[in-house]
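Please look over the sequence and the structure shown here before reading on. The briefing that follows takes up confidence first, then the fold, the surface and the charged pairs.

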Amino acid sequence: MAKKGHFLIGFVIGGAVAFAAATLLAPKTGAQLTDKLKKKSAGGKDRAMDYYRYATDLGDSLRDQAGDKIEDLKATLADLTGSINAKHEEAMKPDRDAFDAATDALGDDLGQAEDNADDEDFDDIVIDGKSAFEAAKESADADQSQTATDTNPQAVDPAPAAESAQSAAPASAVQTPETPQAPTDSADQQ
């Protein structure tokens, strides 16, 4: 009897599987197929909307979390910048004090130089190159004439003779030597 019971159970299960396969695989009419496709597309549309809502909620959540992280990072950066600036100011203070002391000393030296400029023994800086050249030329001429009169007491100053020779010659024939001009530096003129 056990063999007959197993056979009967197998027959019922096999029949159910055959019925399900025939129902699912059998061709349907156009109306049934259209109805089935509408149900599946509606289910797919609902599932797509669910995924869209889930993605939107997830995007909003991530955006809020990112905004919070950015604000935390900004606060941390501001704290670090403040501490770095404070350390920098603290480290630069001795150098700044030394610089201030050096500029004060230089200002005092310049003020003293202005006071020394009023003294007669203080030599001014010559800025005009042309007048300095003429002064040097006159000094050299004076030294030369002094040397000539010291060695030869009968020597005559050559300047009056040169002036009389120039006055006797016509004006177009007189050539006067040009005095070379010393190059001027733009920093000296200022």
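Predicted model: local features only at pLDDT ≥ 70, side-chain atom pairs only at ≥ 80, totals over all residues.

**Confidence and overall picture**

Residues are numbered from 1 along each chain as its sequence is written, and side-chain values use heavy atoms, with hydrogens and water left out.

**Confidence and fold**

- For the chain as a whole, the mean pLDDT is 75, and 66% of the residues reach 70 or more.
- The chain has 5 helices and 0 strands, and reading along the sequence gives the pattern α-α-α-α-α; helices (H or I, at least four residues) and strands (E, at least two) are DSSP runs numbered from the N terminus.

**Burial and surface**

- Of the 190 residues in the chain, buried ones make up 1%, with buried meaning under 20% relative accessible area, exposed over 50%, and partly exposed in between (1.4 Å probe, protein chains only).
- The chain exposes about 17,000 Å², of which carbon and sulfur atoms supply 59%; accessible areas come from the Shrake-Rupley method with a 1.4 Å probe, and for residues only the protein chains shown count as cover.
- A nonpolar patch on the surface is formed by F7, L8, F11 and V12, which together have about 490 Å² of accessible area; patches are made of residues with over 30% relative accessible area and no salt bridge, with like charges joined within 9 Å and nonpolar side chains (Val, Leu, Ile, Met, Phe, Trp, Tyr) within 5 Å.

**Salt bridges**

- A search of the whole structure finds 4 salt bridges, each being a side-chain nitrogen of Lys or Arg within 4 Å of a carboxyl oxygen of Asp or Glu.
- One of them joins the side chains of R53 and D50 (3.5 Å, N to O); both residues lie in helix α2, 3 residues apart, which is about one turn of the helix.
- R53 counts as partly exposed at 47% relative accessibility, and D50 counts as partly exposed at 45%.
- The side chains of R63 and D60 also meet in a salt bridge (3.3 Å, N to O), and R63 and D60 are separated by about one helical turn because they are 3 residues apart in helix α2.
- In that pair, R63 is exposed, with a relative accessible area of 57%, whereas D60 is partly exposed, with 31%.
- A further salt bridge links the side chains of R96 and E89 (3.4 Å, N to O); R96 counts as partly exposed at 40% relative accessibility, and E89 is partly exposed with a relative accessible area of 43%.

Conventions: pLDDT = per-residue confidence, 0-100.
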